[in-house]
Amino acid sequence: MTDEFLDPVVSSSHLATGSFPEISEVEFGLTLANNAFHRWMTRCMATAGYPDLSPMEILVLHTVYNRNKPKKLADICLVLHIEDTHNVNYALRKLKAAGLVTEGRVGKEKTVQVSDLGAQACDDYRQMRERLLLKTLKTLELEPGDVSRLAALLRLMSGQYDQAARAATTY
């Protein structure tokens, strides 16, 4: 199917009437992808045996497990690009209560590290992800380079939205 046969799909036609209507298509795609991704994460983690975790808690758990090194709250927020540390702190408290992370200290700073149970949860999630998502994605025959370019574009777009948010705050 060629692009000339594709009509724009947007959730808010009034936003698609500006100088760059294609961005409304991207924003609608981001909305759908974000909601589907959150639904996927919670269902995948539930299938892996951890049904009570929210998308935020799952993201935080995977971030803490990354490279299996202790993490500070500020570093977790920076990596996930979250301004409200209260949300991440709440997620960490829930993960600690579930036995998935442990607390420690580096100097005066509190750190968190994944527990053995948390590592197992992440590995179980990874196995479910491979079986239920990646296996079917491979049938789409996506080019790895195209996927990497899309990821880079999304990161660049996040910077544009950040800049626009700063501008809106000072407007």
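**A tour of the helices**

Start by selecting H1 and H2: these two helices pack at an angle of about 70°, their axes 9 Å apart (axes are lines fitted to C-alpha atoms, for helices over the stretch in contact, and angles run from 0 to 180 degrees between N-to-C directions). That makes H1 roughly perpendicular to H2, a label for angles of 65 to 115 degrees. Helices here are DSSP runs of H or I with at least four residues, strands are E runs of at least two, and both are numbered from the N terminus.

A word on what you have open: this is a predicted model, where local features need pLDDT of at least 70, side-chain atom pairs count only at pLDDT 80 or more, and totals for chains, interfaces and linings use all residues. Residues are numbered from 1 along each chain as its sequence is written, and side-chain values use heavy atoms, leaving out hydrogens and water.

Now show side chains. From H1, Phe37, His38, Met41, Thr42 and Met45 meet Pro55, Ile58, Leu59, Leu61 and His62 of H2; contact means heavy atoms within 4.5 Å.

Next, select residues 116-137, which form helix H5. Look for Glu130, where a kink of about 40° is centred (the bend is the angle between axes fitted to the seven residues ending at a residue and the seven starting there).

Which residues of H5 are buried? Colour Gly118, Ala119, Ala121, Cys122, Asp124, Tyr125 and Met128; buried means under 20% relative accessible area with a 1.4 Å probe, protein chains only. They pack against helix H1 (22-47), helix H2 (55-65) and strand E3 (109-114).

Finally, zoom out: the chain has six helices and three strands.

Key
Expected span 1.5 Å × (residues − 1). Buried < 20%, exposed > 50% of the residue type's maximum accessible area, 1.4 Å probe, protein only. Parallel < 35°, antiparallel > 145°, perpendicular 65-115°, else oblique.
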